Amino acid sequence: MSSSSPYSYDLIVIGAGPGGYVCAFRAAQLGLKVALVDKRPTLGGTCLNVGCIPSKALLHSSEHFAWAKHHATEHGIKLGSVDLDLPSFLRRKDDVVAKLVAGVAQLAKARKVTVVTGAASFVAADRVAVRAADGGEQVLTAKNVVVATGSAPVELPFLKFDGKNIVSSDHAIAFDSVPKKLVVVGGGAIGLELGSVWSRLGSDVTVVEFLPKIVASYDDDIARNFTRILQKQGLKIETGAKVTGLALAKPGETKSAGATLLAERDGQTLSFPADKILVAVGRRPFTDGLGLEQAGVALDEKRRIKVDSHLRTSAPGVWAIGDVVAGPMLAHKAEEDGVAVAEWIAGKAGHVNWDLVPAIVYTSPEVASVGLGEEAAKAAGRAVNVGRFNFAANGRAIAAGAVDGYVKIIADAKTDRLLGAQILGHNAGELISEVVAHMEYGGSAEDLARTIHGHPTMSEAVKEAALAVSKSALHAI
């Protein structure tokens, strides 16, 4: 940027979550002068501070606890009494978060990205006011502005978050005690992950889902087997149940729980007593207070920012990425959006393949998918061949005691091109990546099947499922 430029920055990024900070870092790599604005005093957005990272830390720690309590003896390990130290359990989660947000701050400094703390709002398309917590305000100017403000939990009208009885995922990563009864409204990734955490720690967990199955985007067979596994672990799962209201315990009234969730199914009223009710029915784009109208930024019918195929908004020089635009609300999708926008702004050839964004539920076992499932492919009129291989026939899975689940590979019946995959099993989130890689270059099931996999590894189940597409699996009848 020349010294005669009327702008103080080449680029302002509003929101320092994975999409925003990655966008800022890539732009800085490409020689742009960048300001990164966030209302939090720490970088990383929802994902690092109260979302992806702390929840995965809790999941990992709770898996250790459950393994020590229920499975150590299977391996010939005698531990005696296994007890929970909840303050230490939560402190480890906080330490993980602190390490990562500090790392992002260090990267911003190394890349000479100017970090500005405060609430941002547009004055015009090329001017952003930032109000600090102490009331002070400064106005930043830039030729380009990227909106990367992420999303917030959806709040139901009759289940308003109070942080005590009715909680969001933000609250559910920091309970000060293990609730005796936890009811989770919503059978998606967030609800099942946090429900699993507290169930492992001793909570009586019930998941209430409006749709006929949990993880609704997955094939029926995956959802059915996943449900069975979670139920075996102790989670109660109520599908096809429409939540209708709430009954709170009155002051002085003796009840076993602080609230009762009311629902309806097939004309019958259901009641679920709870100490905590976690509402996890989705997330909404967070554009509150941004003053988008001042910049001339248009929204769609779902209050998402309208963008074109290059993530440009209706306002010249204003771009939007991640959860505030249409598409899956996933951190890795936001990161790819951010890199592409930074490259487009710098005159480079940015690229995102939005058809190949993997989705993962980090329970135990995990569930992961990419592309089209079997049902979605058939609904789209595609003739498909499907290969399936059970982890129960995989040597590494047997050795590790991780035999639950299987791999499904979906391929076009005429061309053998990979259309998608769904995996239910240990480390499914890691295993799905090689399928994404093969799909990225338009690979076939045969390409995947002929790729050499190390032995013994659980990844061999992916190879065998690809072989099974042509009925050539070597380790299955």
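I take two strands as paired if DSSP finds at least two bridges between them, and I read helices (H or I, at least four residues) and strands (E, at least two) as DSSP runs numbered from the N terminus. The model I am looking at is predicted, with local features needing pLDDT of at least 70 and side-chain atom pairs counting only at pLDDT 80 or more, while totals for chains, interfaces and linings use all residues. Residues are numbered from 1 along each chain as its sequence is written, and side-chain values use heavy atoms, with hydrogens and water left out.

**Entry: the antiparallel sheet**

I looked up strand β21 (residues 406-412) and found that six bridges join it to strand β22 (residues 418-425), the two running antiparallel. Opposite Ile410 I found Gly420 of β22. Both strands belong to an open sheet of five strands, whose order is β18-β19-β22-β21-β20 and whose pairing is antiparallel. At its edges I noted β18 and β20 (384-390), each of which pairs on one side only. From one strand to the next the twist averages 10 degrees, where angles run from 0 to 180 degrees between N-to-C directions and axes are lines fitted to C-alpha atoms, for helices over the stretch in contact.

**Entry: the parallel sheet**

I then traced an open sheet of five strands with parallel pairing, in the order β8-β15-β9-β10-β11. β8 (166-167) and β11 (236-238) are its edges and have a single partner strand each, so one side of each is left without a neighbour in the sheet. Within this sheet I followed strand β9 (residues 181-185), which runs parallel to strand β10 (residues 204-208) and is joined to it by five bridges; Leu182 has Val205 in β10 as its bridge partner.

**Entry: helix α3 and its partners**

I found helix α3 (residues 52-70) packed against helix α4 (residues 86-110) at an angle of about 140 degrees, with the axes 9 Å apart. α3 and α4 are therefore oblique to each other (under 35 degrees counts as roughly parallel, over 145 as roughly antiparallel, 65 to 115 as roughly perpendicular and the rest as oblique). In contact (heavy atoms within 4.5 Å) are residues including Ile53, Pro54 and Ala57 of α3 and Phe89, Leu90 and Val96 of α4.

With helix α6 (residues 189-200), α3 packs at an angle of about 35 degrees, again with axes 9 Å apart, and this crossing is left-handed. Among the residues that meet there I listed Leu58, Leu59 and Phe65 in α3 and Leu194 and Val197 in α6.

**Entry: an aromatic pair**

I looked for aromatic pairs and found two in the structure, rings of Phe, Tyr and Trp (its six-membered ring) pairing if their centres lie within 6.5 Å, with planes under 30 degrees apart counted as stacked, over 60 as edge-to-face and the rest as tilted. One of them is the tilted pair of Tyr21 and Phe25, at 5.3 Å centre to centre and 50 degrees between the planes. Both residues lie in helix α1 (residues 18-29), four residues apart, about one turn of the helix.

**Entry: backbone details in loops**

I noted a cis peptide bond between Ser364 and Pro365, with omega about 5 degrees, and placed Pro365 in the loop between β18 (359-361) and β19 (366-371).

Terms used. Left-handed = near helix turned anticlockwise from the far one by under 90°.
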